[in-house]
Amino acid sequence: MTDPRYLAVRLLTKTFTNGSYSNIQLRSGLDSSDLDERGKKLCSAIYYGVIERRLTLDHIISGLSSRPISKLDDVILNILRSGIYQILYMESIPDNASVSESVALAKKCGKTSASGMVNAILRNFIRKGKKIEMPKDKTNALSVKYSAPSWLVESLVSDYGTELAENLLSDSLGSPPVTVRSNPLVCSDEEFISAWEDGRNVVSSDILPHCFHFPDSDPVHSKLFSKGLFHVQDMASQLCCSAVAPDENDTVLDICSAPGGKTFTMAEMMNGKGRIIACDLHEKRVKLIKDGAERLGLENIAAQTGDASVFNENLPKFSKILCDVPCSGVGAIRRKPEIKYKNPEDFNNLPEIQYAIAKNALNYLAVGGEMVYSTCTLRKAENDDVVNRLLAENPCIEPVQLPSPLGEKFGSSASIFPCHFGSDGFFIAKFRKIR
C-alpha cells in the first residue's frame, strides 16, 4: 500500500513546482492511489497543512538549517516541512514517529545522503521546545504567525486595519466549514434534516433559510446529493444571491456563472419559474452549469457561452443581473490556500477586467432593474474602487441598500469577513438603473 506521507510529499512537490490547484492535485493523487480511508485522511492533512503553513514552516527551517531554503533540494524541503508540520500541529502523531518517518522518507525518495540532515533539523526543533522565533517587525511577525505573504498582510491592514486583517488570516488556517443550500423545490427544511439517517450532524443556519452546516463531514458523496436535494455553497455566496433577490417574475442574467452555484440558488429562489440566462466563456464550464441544473431539476436555467466583457446584441434586457466577476480570491484562501502564494502582480490587471465586465453588464439591465456586483476577494482595488468608478462614470445607476441581513450593517456595499457570519470573505454591492 502507498505510504501516505510519501504521497503527500510527492504531491506537495508537484503543487509548489507547477502551481496547480491544491484540491485538483490532491483528488487526482488520492484517486490513483491504493490508500485506505485512514491513509487518505493522513495524506490530506499533511498536504493541506503544509500548504496552509508553508511560510511559517519555512521560517522555522531557516532558523535550523545551515543552508538557505533556496539551496535545499525540493523533495528534502517538503519532507522537512511535512515533518515539522506533524511535530507542531498534529498532536495525534508522537514526535519520535514524525522524525523517524521523515528520515525513512528521505531514504525512500532516494535522498539517503540528506537523511542525517533531516534527522538533525527535526530533533533540534524538538530539543528547543518547538518554539517559533517571531520577527520583530510587525508585518513580518503577522506573516509568520498566519503563514501569509507580506504583501497580503500589508494589503489587508492598509485596507481594513489590523483587527479585520487578522480575522481573515486566522480563519484561513484549518479546515473550512462545509455549508450547503437545500433545494426547496424538492424538500422542506424539516424533510432535509430528517433525510440524513446516517447520524450526521446537520446544523441549520439562523441567518438564511435553506442553509445548513456540516461541521463534521462532507455530504457531497451521499445519495441525497445525487438526488438533487442540495448543492454545496458557502454562506457568503448565499448572501450574495439574497442580495440579488430574484423572484419568479424576473428575467435574470448571471453573466459569469460557472460552475453555477449562485445560478442554482437564484433559480430555486424563483421557484423554478421565470428565466435565468447563465453565461461563461468556456464550453466545458457551461456544461458544469447544465449538469448541475439537471441534477437539481431546475428547468428555468439556460446556460450558454459568452464573453462577459463584450456586448451581445442577442441578449434581452434583464430585471436582475448578478455580476460575480473574476477576482484574486483572497477571501477564499481557507479553501484554496495556494492563492496567497501567487505573485501579487498577477492581480494588477483585474480591476480593469472587472470594470469592463460590470460596465458591459449595465447594457443588459432594464431601467428600474437591479444589479449586484460581487467578488470573493477583500482587496479594495477590486471592490470599492471598481464600484466607485462605476458610479462616477455611469450616471444611469444609483446605489441601493442591500436587503437584510446585510443592509442594516453595511448599507449598499458589504465587505464581509468571517467574523460577520462565519462565511468566506466576500464583497457585495448593489445598484439600480434609473435611466
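Modeller: Arg181 stands opposite His231 in S4. The model is a predicted one.

Biologist: What makes S1 and S4 partners?

Modeller: Two strands count as paired if at least two bridges are found between them. Strand S1, residues 178-182, is joined to S4 by 3 bridges, so the pair meets that criterion. The two strands run antiparallel.

Biologist: Why is the sheet called open, and which strands stand at its edges?

Modeller: The sheet is formed by 4 strands in the order S2-S3-S1-S4, with antiparallel pairing. Strands S2 (203-204) and S4 (230-232) are at the edges; each has a single partner strand, so one side of each lacks a neighbour in the sheet.

Biologist: What is the secondary structure of the chain as a whole?

Modeller: The chain comes to 19 helices and 12 strands.

Biologist: Why is the chain called as compact as a globular protein of its length?

Modeller: For 435 residues the globule rule gives 22 Å, and the radius of gyration of the chain is 24 Å; the two values are close, so the description applies. Along the principal axes, the C-alpha atoms fill a box of roughly 70 × 50 × 35 Å.

Biologist: What share of the residues is buried?

Modeller: A residue is called buried under 20% relative accessible area. Such residues make up 51% of the 435 in the chain.

Biologist: How many positive and negative side chains are there, and how far apart are the centres of the two sets?

Modeller: There are 51 positive and 53 negative side chains, and the centres of these sets lie 6 Å apart.

Key
Residues are numbered from 1 along each chain as its sequence is written. This is a predicted model: local features need pLDDT of at least 70, side-chain atom pairs count only at pLDDT 80 or more; totals for chains, interfaces and linings use all residues. Side-chain values use heavy atoms; hydrogens and water are left out. The radius of gyration is taken over C-alpha atoms; the globule rule is 2.2 Å times the number of residues to the power 0.38. Buried means under 20% relative accessible area, exposed over 50%, partly exposed in between (1.4 Å probe, protein chains only). Lys and Arg count as positive and Asp and Glu as negative; His and the chain ends are not counted. The place of a charge is taken as NZ of Lys, CZ of Arg, CG of Asp or CD of Glu.
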